[in-house]
Amino acid sequence: MGTKLSVSLEGAANPETAPRVDRPPTFDPQYGFERPRKVREMKATWEEMEQWKLKPAQRDYCAHHLISLMKCQTQNAPFAGHACDGERGAWDKCEYDDHIMRIKEFERERRLLQRQARKEATA
């Protein structure tokens with residue numbers, strides 16, 4: 001809680017060192033890593049997401065888990081509550097891991113922007 005407020009306050013106070021969440025990263029994703037990082041890719045196709053009528057906010061890297069959950073709920077209706085616990089858990093974990101990864105990427109971008117500002121100030 002409060003993440004959005006702290007991001008907006010930091011962006012107002014120091015806009016040059018605050019990452020923009022509505023734009024792609026300014027630094028190379030491989031910068032600072034010895035081995036190349038694994039590129040994230042969508043496992044669900046656009047056709048599958050349209051077929052299952054996923055909302056735009058649900059069309060993320062965890063869409064394939066959500067589609068399997070929706071399939072399970074359709075097959076086990078009206079008693080899908082406990083029958084689909086495994087699918088629900090997999091989707092929840094994927095959403096949590098995705099959220100943590102986005103937080104880490106934001107923090108990485110913020111620290112690299114601060115580092116760049118310090119280097120420019122000393123030069």
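Here are a few friendly notes on this predicted model, from the whole chain down to single residues.

1. Start with the overall build. The C-alpha trace spans about 65 × 35 × 25 Å along its principal axes.

2. Buried residues make up 20% of the 123 residues. The accessible surface comes to about 9800 Å², and carbon and sulfur atoms account for 57% of that. Of the contacts between residues at least 6 apart in sequence, 49% join residues at least 24 apart.

3. Now find the largest nonpolar core, which has 13 residues. Two elements each give two or more residues to this core: helix H3 (63–75) and helix H5 (85–122). The largest share, five residues, comes from H3.

4. Which residues have the most contacts inside this core? They are Met49 and Leu54. Leaving aside residues up to four places away in sequence, Met49 touches Met42, Ala44, Leu54, Arg59, Ala63 and Ile67.

5. Finally, have a look at Asp60, in the loop between helix H2 (46–51) and H3. Asp60 is buried yet has no salt bridge. The nearest side chain of opposite charge is that of Arg102, 6.1 Å away. Again leaving aside residues up to four places away in sequence, Asp60 touches Met42, Glu95 and Asp98.

How values were computed. Residues are numbered from 1 along each chain as its sequence is written. This is a predicted model: local features need pLDDT of at least 70, side-chain atom pairs count only at pLDDT 80 or more; totals for chains, interfaces and linings use all residues. Side-chain values use heavy atoms; hydrogens and water are left out. A nonpolar core is a set of buried Ala, Val, Leu, Ile, Met, Phe, Trp, Tyr and Cys residues joined through side-chain atoms within 4.5 Å. Buried means under 20% relative accessible area, exposed over 50%, partly exposed in between (1.4 Å probe, protein chains only). Helices (H or I, at least four residues) and strands (E, at least two) are DSSP runs, numbered from the N terminus. Contact means heavy atoms within 4.5 Å. Lys and Arg count as positive and Asp and Glu as negative; His and the chain ends are not counted. A salt bridge is a side-chain nitrogen of Lys or Arg within 4 Å of a carboxyl oxygen of Asp or Glu. Accessible areas come from the Shrake-Rupley method with a 1.4 Å probe; for residues, only the protein chains shown count as cover.
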